[in-house]
Amino acid sequence: MVRLAVSAALLAGIRGVSYASAPVYGREHSPAYLDQSLSPKERAADLLHRMTWEEKVGQLGGIRQTLGRINGKPSFNRTAFDTIHNTQNGQIGTWDPYLNLIIRTDSLLMSNENVRTGLGAQYNYAKDILPIVNDLRAEQINSTRLGIPYVTITDSINSMWVSGGSLFPGAVSMASSWNLDLYEQAVAAIRDENHALGVNWVLSPELDVAYDPRNGRNGEMFGEDTYLISQLGTRYVKTMQEKDENGFVKIATTVKHWVYGRSNGGVNRASMEGGINHIMNDLATPYINVIKEANPLSLMVSYASVDRVPMSINTYMIHHILRGVLGFEGFIMSDANAIEYTVAESKVSKSREDAAQKALRAGLEHELSPGGNGLLTTLINYVNNTDIADSIDKSVSAFLEIKFATGVFDKPLPSAETLDRTLRNDRHLDVNRNISRESIVLLKNDGILPFTKSNVRKVAVVGAYADMINAGSYGACNATDSAYGNSLRRSLVRELGDENVLYAPGVDALPSNDSSRIGAAVATAQEAGLAVVVLGSGFGTVDVSEINNRRTDGEGYAHADLGFPGLQQQLLDAVLDTGVPTILVMSSGQTFVLNESTMRSNAIIHSWLSGEFTGDALVEILFGDVNPSGKLTVTMPQANGAFPVAYNYLPSDDQGGFGTATLYDWQWPQVTRYAPLRFGFGLSYTTFNISSAMASGPVSWGGNVTVDVQVTNSGKIAGKEVVQLYYRPEHSVIEFPVMKLIRFVKIDLAPGETKNVSLTVSHNELGYYVDGEWNVDSGNYTFWIGNSSRTEDLQQFNVTISY
């Protein structure tokens with residue numbers, strides 16, 4: 001074990017100093033758990049045998065608030081820290097937005113201004129917190145009986161938890177690139193920056209399916225298709241959990257939230273319907289695939305009550321389905337405060353002790369309790385209960401295995417030099433620029449784009465979202481601070497000069513009734529003769545200063561209305577009414593209803609959740625330096641209430657009931673499930689012809705279906721296209737979606753270039769679950785290949801699979 005010098009300053013609750021790097025073995029001579037030649041399982045077994053009951057229970061939780069932020073600097077509250085550490089000392093990590101303004105522990109009230117997280121508020125900078133957190137890590141090793149280190153756990157979607165690293169676009173944004181190799185490079189950069197800060201474990205990726213457009217967390221998800229989610233999730237887990245030169249896992253992952261995605265009304269912690277066929281085919285598929293292909297080391301259960309049983313105590317879903325049917329052997333943890341919610345919200349536990357016992361028996365092995373008041377600590381009084389004691393032994397052993405697997409017992413603490421060398425290095429920034437370019441989706445273009453620089457003298461930039469970086473709740477980003485990157489306005493100023501970019505916010509970013517500035521925005525658009533209007537939703541992090549009832553998107557912020565929040569629609573309409581050529585850019589993690597008035601825009605772009613280079617990438621696309629290549633991973637609804645609208649609906653979902661007398665699924669307004677702006681759709685500045693589609697002849701049972709196609713860039717500029725393959729069986733045992741994605745590939749084509757694309761699918765992959773059992777049919781299958789899920793973009797053919 002590496003024992004490190006801890007500063008006296010830290011023990012006084014102040015920022016500390018330096019560390020020794022040479023290993024000094026403790027009070028025993030080379031116990032087995034310090035032997036790196038043994039497996040993590042063997043080392044954990046040896047250490048568990050040496051631990052007291054109190055030490056075991058302490059590993060069931062951790063300190064989720066350590067550092068706050070006062071006057072722009074990290075702050076440390078020694079008293080608060082020690083209060084939690086006495087009973088919960090397994091990990092340090094990220095805080096939880098649901099704590100509101102005050103956190104209560106058993107003996108102390110703590111303001112969130114002073115106490116938040118192992119790594120501090122998101123606005124803390126990595127270089128400032130590293131010395132403090134290293135002191136805490138060293139203290140834990142040196143000042144405890146067995147020297148069991150913390151494992152550092154944080155959220156990490158599009159950046160490190162704290163500031164100072166590379167800020168990538170959000171999950172839904174990067175998914176919109178449909179570029180698996182580029183996404184893998186982005187994940188590797190995020191991994192290495194986390195690793196340089198000493199993060200050992202991340203609470204990602206999110207494998208939930210974005211079925212409900214009202215859900216405020218869709219920006220954290222990859223999209224509405226289980227195959228696409230599976231592919232991205234597999235890349236994330238494999239890349240994060242890559243082993244270093246000594247065989248240690250670089251960063252453990254946590255797939256989440258088992259299960260989630262169809263909460264009642266789109267509300268974050270609301271209940272969900274059960275039904276094993278629905279769960280296995282519609283929600284669990286990404287977990288099944290990622291567990292099989294990538295072996296994530298841990299999993300987080302959701303807040304939801306599934307079939308009326310909260311997931312934190314859902315024995316059927318954890319033991320029978322997750323452990324039994326899926327065969328998951330990794331570590332299982334709660335979501336933040338979720339065990340407590342079984343007492344306070346769903347009211348299915350009689351007391352804190354009752355909730356803790358139910359959670360443990362259901363299969364939870366660790367508790368995230370940012371308030372420092374973890375319920376599993378109540379089990380300290382159950383040392384003589386054999387069932388509970390055995391369950392805790394298993395939980396602690398599994399937790400220790402991840403600590404050994406990630407090297408926290410063996411590796412030196414991270415250094416300031418490595419941190420400085422790693423964060424925002426040239427390679428990371430190049431990857432960030434590239435994936436920012438490919439994450440932007442062009443939805444409409446009447447020919448106005450790309451601009452010709454010689455013809456654009458002035459441009460009006462309208463909308464408050466034009467001058468911020470809307471990175472999502474879990475992106476370490478102050479939306480209005482230029483230190484975090486360029487907004488679209490700032491990027492345009494750099495391109496055209498300050499005097500040629502006329503900015504008018506028009507209305508507030510958050511909902512208000514103040515329309516007094518719309519007239520000025522209209523005048524600005526008329527003066528420039530060309531307008532770029534940026535509308536959005538939900539900016540802000542999970543910092544308490546930004547959690548309020550005006551937020552409109554992000555975790556905890558569902559939206560019953562899918563229009564643009566506040567007076568943004570009125571602002572857009574007023575600009576469009578002038579007849580000034582107008583480009584609409586949307587900025588958010590959500591989809592919007594684009595009404596007839598909005599569709600008057602000459603061009604429409606969805607930039608999703610921003611990274612630090614999204615503004616630059618938008619300018620490159622506007623002026624044709626970059627050819628847009630992003631594709632929708634979620635379908636855009638046509639009306640409020642016209643959802644679910646995912647492309648892969650069931651055949652019976654598209655039947656009004658009275659034949660030709662009910663041609664529409666919804667009679668007012670008259671729309672169907674088939675929405676025009678569908679999954680997989682996205683425009684380019686060039687044209688691609690997909691032709692000569694051929695499939696392998698009759699396929700025998702258990703064989704492969706191979707589809708060959710030619711793709712030609714018939715335009716005058718280079719571009720990237722996504723070839724997409726969909727399928728469905730002619731008949732099925734249970735109802736099967738109208739089509740499902742089964743393969744895709746993104747290719748780069750020069751003008752006039754033709755490439756042959758071959759996609760192969762095994763027969764077994766064409767199956768589905770029936771009552772928990774995998775079923776594969778023979779007979780006729782319909783396949784479609786093209787560049788979106790729209791009928792007009794697809795070629796159809798049939799394949800017969802015989803017994």
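Select strand E17, residues 531-536: 6 of its 6 residues are buried, where buried means under 20% relative accessible area, exposed over 50% and partly exposed in between, with a 1.4 Å probe and protein chains only. Strands (E, at least two residues) and helices (H or I, at least four) are DSSP runs numbered from the N terminus. The model is predicted: local features need pLDDT of at least 70, side-chain atom pairs count only at pLDDT 80 or more, and totals for chains, interfaces and linings use all residues. Residues are numbered from 1 along each chain as its sequence is written, and side-chain values use heavy atoms, leaving out hydrogens and water.

Stay on E17 and colour its two sides. In a regular strand the side chains alternate between the two faces of the sheet. On one side of E17 are Ala531, Val533 and Leu535, on the other Val532, Val534 and Gly536, and both sets are buried.

Next, show the neighbours of E17. Strand E15 (residues 459-462) pairs with E17 in the parallel sense over 3 bridges; two strands pair if DSSP finds at least two bridges between them. Val462 has Val533 in E17 as its bridge partner. Strand E18 (residues 582-587) also runs parallel to E17, joined by 6 bridges, and Val585 in E18 stands opposite Val534.

Together, E17, H19 and E18 make a right-handed β-α-β unit. Right-handed means that, with the strands pointing away from the viewer, the path from the first strand over the helix to the second runs clockwise.

Now go to helix H10, residues 285-294. Of its 10 residues, 7 are buried, among them Tyr287, Ile288 and Ile291. What covers the buried residues of H10 includes helix H8 (226-240) and strand E9 (254-258), counting contact as heavy atoms within 4.5 Å. Just after H10, select Asn295, which takes a positive phi of about 55°.

Then select helix H2 (40-50) and helix H14 (386-405). The buried residues of H2 are Arg43, Ala44, Asp46, Leu47 and Leu48, and they pack against helix H3 (53-58) and H14.

Which helix gives the largest share of the lining of the second largest pocket? H14 does, with 7 residues. Of the 27 lining residues, Leu297, Glu329, Gly330, Glu401 and Ile402 lie nearest the pocket's centre. A pocket is an open set of points on a 1 Å grid over the protein atoms alone, where a 1.4 Å probe fits, with protein on both sides within 12 Å along at least five of seven lines; lining residues have an atom within 4 Å of a point.
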